[in-house]
Amino acid sequence: MTLFLYAIIGVILAPFAGVLVVGLDRILTAKFQSRIGPPLLQPLYDICKLWGKKPMIAHRFQPLCVYIYLAAAMVSVGMFFAQSDLLLIFFVQAVGAIFFVIGALLVPSPFSQAGGNRELIQILTYEPLIILVLAGIYLYTGSFKIDAIYALDKPLLINLPLLFIVFGYALTIKLKKSPFDISASHHAHQELVRGVLTEYSGKMLALIEMAHLYETILILGLCSLFWTTSIWGMALLLVITYLLEIIIDNICARMSFRWMLKSVWTTGIVLSAINLIWLYSGARI
Amino acid sequence: MLKKLIEKSQIKSPWIVHYDCGSCNGCDIETLACLTPLYDVERFGVLNIGNPKHADVLLVTGTVNHRNKKVLKNIYDQMSDPKLIIAIGACGLSGGIFKEAYNVVGGVDKVIPVDVYVPGCPAKPEAIIDGVVEGLAKLGELQQQNKTDAIAS
């Protein structure tokens, strides 16, 4: 029952935390570019404004896809706070991601088609890596449950350092940050307009932004699992990881999907293989 | 309360799409200069979004001719309400020095309704930011008017 309560509280508070995280992200990005940047609550204003726009729906099944995407993001955040099964959280999140792409592919606009295809390739790139990370967690704790990780007396990071780097790759792709902002360009608007987001507008886009906030929180939550033994360690890990994300976002140009597939799969699979062999051999620090 | 928040947000988060109707690029450079660290319009929540379906403000530069008037109308139709149209530069306002040319229709307002006119050849970035602020003030007035209309009815 308490776990259910945690889930409800998590689902209610996650978008607000997400607004703060994304707002801070935008301010820091502006500072790195020697600009002043928007107010902290800018993502909230953006979402509310989009909610107030007159609806223009490009395909009648698009709203359904958006609702499923948002619902999947909310359910996965709720399951995370209820300390459920990591694999289950991952699969629920994956269903949402696929519906997001289906919504974009429904419309025959070339930008949305190209963006949708690229988003599929991005999903193809990060999902196996996340599965490998989860496999590593399973090898170490003997369970896919989150409460098994909380029962540890040493941070997960000590024995899974390489898998954490792999997770960082997946995180950057999932957050659509440079150099992996291939499907929906956040800054460059030339060749792709807004990619997978092009045909979503008004309320639909507001709901997608909401789902992004939930996903940001979910990803940071999964990241926090690598240091569960102390609250300060967890906070430090989250701050450093997200700061690195922002810095990488600012110093990288966006790359092609071939480069992404090659570099992420080679480094990701090699690093996780080393770490998995280490864990499988039974050696522990 | 949600309505109030939405109205406030409409003022605080204008996303921009910029269309060049065959300008000499002078006004376009000045428009994009607004996004640079010197002027930094993201302070006001302005983003150059590049997609008419997401945008709230349409910045048009240059003379409208018979070729691109359809494109301009198309972009205008793809934007959902509430939307602001801002014409920039002498050419966007009236056709400028190309007004008498055989292929020129004239200013932007010959094709779509324009809310704010920003004069200049080229218009200064300060003037363009001022134009956007003016447009947002107009939007605020419109919101007030809608409210009083609702109360009256």
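**Notebook: chain A, then the sheet of chain B**

I began with the elements of chain A and found 11 helices and zero strands. The model is a predicted one, and I read every entry below with that in mind. From the N terminus on, I wrote the order down as α-α-α-α-α-α-α-α-α-α-α. Next I looked up the radius of gyration of chain A. The value is 19 Å, close to the 19 Å that the globule rule gives for 285 residues, so chain A is as compact as a globular protein of that length.

I then checked the extent of chain A. Its C-alpha atoms fill a box of roughly 55 × 45 × 40 Å along the principal axes. For burial, I noted that 47% of the 285 residues of chain A count as buried. I also looked at contact range in chain A. Taking contacts between residues at least 6 apart in sequence, 75% join residues at least 24 apart.

I turned to chain B. Here I found an open sheet of five strands, in the order 2-1-3-5-7, with parallel pairing. I looked for the edges: strand 2 (47-48) and strand 7 (116-118) of chain B each have a single partner strand, so one side of each is left without a neighbour in the sheet.

I followed strand 7 of chain B to its partner. Strand 5 (residues 84-88) of chain B pairs with strand 7 of chain B in the parallel sense, over three bridges. In strand 7 of chain B, B:V118 stands opposite B:I88.

Last, I looked up what lies across the sheet strands. Helix 2 (residues 26-33) of chain B lies across strand 1 (15-20), strand 3 (57-61) and strand 5 of chain B. I noted that helix 2 of chain B runs at about 145 degrees to strand 3 of chain B.

Terms used. Residues are numbered from 1 along each chain as its sequence is written. Chains are lettered from A and ligands numbered from 1 in the order in which they are written. This is a predicted model: local features need pLDDT of at least 70, side-chain atom pairs count only at pLDDT 80 or more; totals for chains, interfaces and linings use all residues. Two strands pair if DSSP finds at least two bridges between them. Helices (H or I, at least four residues) and strands (E, at least two) are DSSP runs, numbered from the N terminus. Two residues are in contact if their C-beta atoms, placed from the backbone, lie within 7 Å. Axes are lines fitted to C-alpha atoms, for helices over the stretch in contact, and angles run from 0 to 180 degrees between N-to-C directions. The radius of gyration is taken over C-alpha atoms; the globule rule is 2.2 Å times the number of residues to the power 0.38. A residue is buried if 20 or more other C-beta atoms lie within 10 Å of its own, exposed if 12 or fewer, and partly exposed in between; C-beta atoms are placed from the backbone.
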